[in-house]
Amino acid sequence: MWIRTQSKKELVKVFRVEISSIIGDERNKVLVWSRFAPNSLFSSNRTLLGMYPTMEDAISEIDEIEKCI
C-alpha cells in the first residue's frame, strides 16, 4: 500500500504501520511509523508518516489507513 507522509513530501510503499511515543518529551508527541522492509543489521527500514499530539489522534489516523485497506 502506498501512503503519503504527513509532510506531503514523500510517498512510501509500506507493509506495516506502527505507533510509538516519545518518552520524556514535554510535548508528549506520538509518532506513526511505516516499515517498508524488514529490519536489517544496519537500518530499521522505517519512515515517519506523521506526528500527533495524542495517542487517540494517532490511532484515529491508523483507523483511516485501515479503512483504505
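**Buried charges and a nonpolar core**

Arg35 is buried in this predicted model, its relative accessible area being 13%, which falls under the 20% limit that defines a buried residue. The side chain of Arg35 meets that of Glu18 in a salt bridge, with a distance of 3.1 Å from N to O. Glu18 likewise counts as buried, because its relative accessibility is 16%. The two partners come from distant parts of the chain, since Glu18 belongs to strand β3, which covers residues 16-21, whereas Arg35 belongs to strand β4, and 17 residues separate them.

Glu18 also takes part in a salt bridge with Arg46, in which the side chains meet at 3.9 Å, again from N to O. Because Arg46 is placed in strand β5 and Glu18 in strand β3, this pair ties together parts of the chain that are 28 residues apart in sequence. Arg46, with a relative accessibility of 32%, counts as partly exposed, whereas Glu18 is buried.

In total, the structure holds 4 salt bridges. One of them is formed by Glu64 and Lys67, whose closest N and O atoms are 3.1 Å apart. Both residues lie in helix α1, and because they are 3 residues apart there, about one helical turn separates them. Glu64 is partly exposed, with a relative accessible area of 40%, and Lys67 is exposed, with a value of 63%.

Attention now turns to the nonpolar residues. In soluble globular proteins, nonpolar side chains tend to be buried together. In this model, the largest nonpolar core consists of 9 residues, namely Ile3, Val12, Val14, Val30, Val32, Leu49, Tyr52, Ala58 and Ile65. At least two residues of this core are supplied by each of three elements: strand β4 (30-35), strand β5 (46-52) and helix α1 (55-68).

When neighbours within four places in sequence are left aside, Val32 is in contact with Val17, Glu18, Ile19, Thr47, Leu48, Leu49, Gly50, Tyr52, Ala58 and Ile62. Among these contacts are Leu49, Tyr52 and Ala58, which, like Val32, belong to the largest nonpolar core.

Conventions:
Residues numbered from 1 in each chain as written. Predicted model: local features only at pLDDT ≥ 70, side-chain atom pairs only at ≥ 80, totals over all residues. Heavy atoms only, no water. Core = buried A, V, L, I, M, F, W, Y, C linked by side-chain atoms within 4.5 Å. Buried < 20%, exposed > 50% of the residue type's maximum accessible area, 1.4 Å probe, protein only. Helix = DSSP H or I, 4+ residues; strand = E, 2+ residues; numbered from the N terminus. Contact = heavy atoms within 4.5 Å.
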